[in-house]
Amino acid sequence: MTYRYGLKWNVRRGHPVEEIDEATARERFREGPQFSVSRITHGRTVPDYTLSMQPGGTHLRVLKYDEFGSTVEIFDFSEREGDDRLFMNGYAVYVYPDDATRPRTFSQAVAHKSWVFREDGTATCREVVKPQPDARISEYRDLDVSGHWRARPAFGDWDRFGEHPEPAGGTAGGPA
């Protein structure tokens, strides 16, 4: 596997935007600005995942792709005041038409669902199905979000987030 660094992954071109070397990525991890890392399995052009992060890993977004390069899942983690760990506060899933043969954009999704989780065990879920004109918004209480916490990554600790970004033990109604 290869790790490639840059600003973000350009699915259509098959490489990072403003690609940087590992030494520059290490510096950005310490000092900033934001950067991303994408893991590429040899022989593939679509990353297994891309992590986009703020310096020190204080905020981290995990993007997962389908075989064409369309983003199908997004996990958001952020540091909380008074705690050095990251909390998974967001999750989104996108569904595209079955006739896909190339990467699709978010606007081409036929449906998507996004969650906002809060430390107090409440969550909001927004579901959109095209061509329905209105989104369905649901509120949840008393969720067990204890599995949403993760230690911040050290530089190079990418697979822990990229391979298994979902909460430990799952969450009622959310990603398992």
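What radius of gyration does the chain have, and does this value agree or disagree with that of a compact globule of 176 residues? The chain has a radius of gyration of 17 Å, which agrees with the value near 16 Å that a compact globule with 176 residues would have. The radius is taken over C-alpha atoms, and the globule rule is 2.2 Å times the number of residues to the power 0.38. The structure is a predicted model, in which local features need pLDDT of at least 70 and side-chain atom pairs count only at pLDDT 80 or more, while totals for chains, interfaces and linings use all residues. Residues are numbered from 1 along each chain as its sequence is written, and side-chain values use heavy atoms, with hydrogens and water left out.

The C-alpha trace spans about 45 × 45 × 25 Å along the principal axes of the chain. Of the 176 residues, 45% count as buried; buried means under 20% relative accessible area, exposed over 50%, and partly exposed in between, with a 1.4 Å probe and protein chains only. The accessible surface of the chain is about 9400 Å², and carbon and sulfur atoms hold 48% of this area. These areas come from the Shrake-Rupley method with a 1.4 Å probe, and for residues only the protein chains shown count as cover. Among contacts with a separation of 6 or more, 42% are between residues 24 or more positions apart, where contact means heavy atoms within 4.5 Å.

The chain contains two helices and 12 strands. Helices (H or I, at least four residues) and strands (E, at least two) are DSSP runs, numbered from the N terminus. Their order along the sequence is β-β-β-α-β-β-β-β-β-β-β-β-β-α.

Strand 10 (residues 123-129) is largely enclosed by the rest of the structure, because five of its seven residues are buried. Strand 10 pairs with strand 9 (residues 111-117) in the antiparallel sense over seven bridges; two strands pair if DSSP finds at least two bridges between them. Within this pairing, W115 has C125 of strand 10 as its bridge partner. Five residues lie between strand 9 and strand 10 in the hairpin that they form, and G121 in the turn has a positive phi of about 90°. Strand 10 also pairs with strand 11 (residues 136-140), in the antiparallel sense and over five bridges. Here C125 has S138 of strand 11 as its bridge partner. A hairpin of six residues joins strand 10 to strand 11.

Some details of the backbone concern the loops. Most residues other than glycine have a negative phi, and most peptide bonds are trans. The peptide bond from G32 to P33 is cis, with omega near 0°, and P33 is in the loop between helix 1 (22-31) and strand 4 (35-40). The bond that joins K130 and P131 is also a cis peptide bond, with omega about 5°; P131 belongs to the loop between strand 10 and strand 11.

A positive phi of about 50° occurs at E18, which is not a glycine. E18 lies in the loop between strand 3 (15-17) and helix 1, and counts as exposed because its relative accessibility is 56%. D142, also not a glycine, has a positive phi of about 60°. The loop between strand 11 and strand 12 (149-150) holds D142, and D142 is exposed with a relative accessible area of 73%.
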